[in-house]
Amino acid sequence: MTVEPTIAAHDIQVDLGGQAVLREVDLTAAPGEIVAVIGENGAGKSTLLRCLAGLETPATGRILVLGDPPTDTATFWREVALTGDEPAWYPGLSVQEHLELVTTTHRDGRMDVGAALAAFDLGGRADLHPLTLSTGQRQRVSLATALVRPSRLLLLDEPERGLDTAFRDRLADILREYAVRGGAVVMATHDLGLAEACGARLVRLEAVR
Amino acid sequence: MRRWQDWYTTLLTIAVVLAVVGQPVASLLGDLAHQADPRRVGSGLALVAVAYAGYLALVRMAGPVVLGAADASWRLLSPLPRRTVLGRTARALLVVSVLGGLVLGVALVSVLGAPDLLPLRLTAALVVGLGAGLGGMALGVLGQALPTWDTRLQALIAVTLAAAVLLAVSGSGPGRTLTALPAGLTGALACCAAAVAAFLVRRAWTALDRVPARAILAASARSGRVAQATVTLDPGALTWAVEDNHWRGRALRSRRWPVSGAWTLAWQEARRITRRPVRLAVLAGATALPTLAVNAGLPQVAAALVIAGALIASVSVTSGARRDGDNPALLRMLAVGSRAALAVRALPPALLGACWLGAALWLSGAGAWWSLFGPACGPVLAVGALRMARRRPIDNSMPVIDTPGGAIPTGPLLWALTGVDLALLGCVPAFLALAVRPADPLPLLAAQMVTGLVLLGGYVMFSGRRPA
């Protein structure tokens, strides 16, 4: 019996402002697999992630995520979690309340909020507004919101941004555990150490000249 | 050194200003010679007190001692005497407080009237106004330098607001006393105000040398954001800066969500507003302002206050919609459909707007039936508030229309009207009812309810299609 891939993208081509950003890119990810997209600045890693999230439409090519073309709809986002630039935190809510908001709107959580706070080393910061935290701590809150909720695919754009070395190792453990439970992870990263620690398959993007 | 051309320009400017405003000001001052209606004096003075409390609050919020970015970066942290660095700021504060004081003085004499001895009563009122303006500004400067003075400034704001409440509820009692003040006592009061203001200004001038650099830098950063928001015509950026500053560094008491699913998005607004009790108290207190304006004989001002107040109350609970409009990353993380999110997020502005409007109408003595127009207008207010929250930044590339009255930039105009347009259109049945005052308001009340629900339903249906 063949397992349906979580992501199947073939011959993706994206032009932005008349400039080719992606050319003939193929990418697949199976359930339980971690894929690290690497490449120099401007190689199109973030653009590829946006295409996989349905936020960018490629000029040519075909993308299937969980068997269907990706769309910016609630049904799609119930299965897919995306973290990229820092989100706009809701005013008046603490770190813990942001995480509980995520699990409450999903009516379920992949992990208990208390456990997530501990896993992301945010226990002592639970009652603060995210804007009070440092850049690295806010990145941990951002990653925690993605991992505390149920999903089948994680799209992470430079998850290592602002994180210290010790926490990068812990993040690798968390991502490996996510994959072991059947989830697929696609991350754009510059940190080969993180990719290696996750046991990720590397996909190198070359900048289009 | 000034050249003769500078003097010529200055004198010509003063002459032109005098020629333009001289006649209207003379006419305005002539109109002040009247016998005030004692029944309206209490409400009028209450409005003046609220305006003065607003002035003091603005002074405190602004700093008031601020510097431009270059001076804040270079001259403030240099060994130059602080008073030299802040000289230009001090002059600007003086001008602002004198202008504010003059307006306050004219407002005072306009409320109290001047049945006799107009020059004396006008001079006394202007001196009291100037004393209040200058004294308030001096208190602001002192408060920036020393925490004890800041506490006194806060106490003065609270006392002024309490006085406004007392004046508003005491009916015509104070009116009879205050309109009949002997000229001698009026002069003595003016002398007292001038003496207190002179004392405070002198203390503030001395304290100007000791205002901590960190206080000036913080206030300058705030005013810099105001200036930037004004120059780039993006008031949204300013309100976010204020909101974010409030929560940054604040410890909250995390509580579990009592509801689940998309309903949490409505609860989030309730939680945020209850964590800002002062804002909620100001909103509650503001429901009395239209009544004060009616009692002071200013029905047009009362109507404007009702519309503006109800819309402001609704807008104050749309932060989630605004956040998601600017950056939908969290809404995607929550995986709530944009239509469902919009429908749920219409609840807080509808409820708060309805309560505010209902209370304002009830307080104005319109009667229970008329107060029901508050809840009936709730859905329309929610549509207006959500439309304002989700509007795009100002499009400054839009054309400027030249009219005989001057150039009108359509970008900022359309931005300002977005939201207000539907709120005003949707409340037409309520406006009609309040203007015509039919014997049986029920048909118009029903029309308002139906209009509100249809408008809200249509707005959620069509605007909610916009992807998260």
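User: What is the bridge partner of A:Ala81 in β6(A)?
Analyst: In this predicted model, A:Ala81 has A:Leu154 as its bridge partner in β6(A); strands here are DSSP runs of E with at least two residues, helices are runs of H or I with at least four, and both are numbered from the N terminus. Residues count from 1 along each chain and chains are lettered from A, while local features need pLDDT of at least 70, side-chain atom pairs count only at pLDDT 80 or more, totals for chains use all residues, and side-chain values use heavy atoms without hydrogens or water.

User: And how many bridges join β5(A) to β6?
Analyst: There are 4 bridges, and the two strands run parallel; a pair requires at least two bridges found by DSSP.

User: What's the strand order in that sheet?
Analyst: It is an open sheet of 5 strands in chain A, ordered β5-β6-β7-β3-β8 with parallel pairing. Because β5 (80-83) and β8 (201-204) of chain A are at the edges with a single partner strand each, one side of each has no neighbour in the sheet.

User: Which helix lies across β5 and β6?
Analyst: That is α5 (residues 135-148) of chain A, which runs at about 175 degrees to β5(A), where axes are lines fitted to C-alpha atoms, for helices over the stretch in contact (heavy atoms within 4.5 Å), and angles run from 0 to 180 degrees between N-to-C directions.

User: Switching to chain B, how many helices and strands are there?
Analyst: Chain B has 25 helices and 2 strands.
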